[in-house]
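Here is a short briefing on one protein chain. Look at the model first, then read the points below.

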Amino acid sequence: MKFVLDKNKGFQTVSEIASILSGEKFRMAIFEEDLTASDIVFFKYTPITSVKVERSFSKYKTVL
């Protein structure tokens with residue numbers, strides 16, 4: 001699992017943002033994307049997964 005997560009740059013970015021929002025880190029990291037401090041606040045309520053995608057996987061599983 002670590003191998004998959006290390007390849008996923010988006011997960012690393014979201015993890016970094018989560019640690020900033022939770023207060024674990026007090027310094028802004030340098031992201032590949034152009035994110036400002038006000039942009040990071042919007043990530044507080046961003047879902048990691050989509051329920052619609054999970055439901056479609058369940059439906060496909062039933063069909064198969």
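Ser19 lies in helix 2, which covers residues 9-21. Helices here are DSSP runs of H or I with at least four residues, strands are runs of E with at least two, and both are numbered from the N terminus. The model is predicted: local features need pLDDT of at least 70, side-chain atom pairs count only at pLDDT 80 or more, and totals for chains, interfaces and linings use all residues. Residues are numbered from 1 along each chain as its sequence is written, and side-chain values use heavy atoms, with hydrogens and water left out.

**Ser19 and its surroundings**
- Ser19 counts as buried because its relative accessibility is 10%. Buried means under 20% relative accessible area, exposed means over 50%, and partly exposed is in between (1.4 Å probe, protein chains only).
- The side chain of Ser19 reaches the backbone oxygen of Glu16 at 2.7 Å.
- Ser19 is also in contact (heavy atoms within 4.5 Å) with Glu24 and Lys25, leaving aside neighbours within four places in sequence.

**Ile40**
- Ile40 sits in helix 3, residues 37-41.
- Ile40 is buried, with a relative accessible area of 3%.
- Ile40 and Ile20 are 20 residues apart in sequence, and their C-alpha atoms are 8.7 Å apart in space.

**Helix 4**
- Helix 4 runs over residues 51-63 and has 13 residues.
- From first C-alpha to last, helix 4 reaches 19 Å, close to the expected 18 Å. The expected span is 1.5 Å times one less than the number of residues.
- Phe57 lies in helix 4. Phe57 counts as exposed because its relative accessibility is 51%.
- Val53, Phe57 and Tyr60 make a nonpolar surface patch of about 330 Å².

**The whole chain**
- The chain has 4 helices and 0 strands.
- Of its 64 residues, 11% count as buried.
- Among contacts with a separation of 6 or more, 7% join residues 24 or more positions apart.

Notes
Patch = residues over 30% accessible without salt bridge, like charges linked within 9 Å, V, L, I, M, F, W, Y side chains within 5 Å. Areas by Shrake-Rupley, 256 points an atom, 1.4 Å probe, with all protein chains shown as cover. Salt bridge = Lys/Arg side-chain N within 4 Å of Asp/Glu carboxyl O. Polar contact = N/O pair within 3.5 Å; in protein donor to acceptor, adjacent residues only side chain to side chain.
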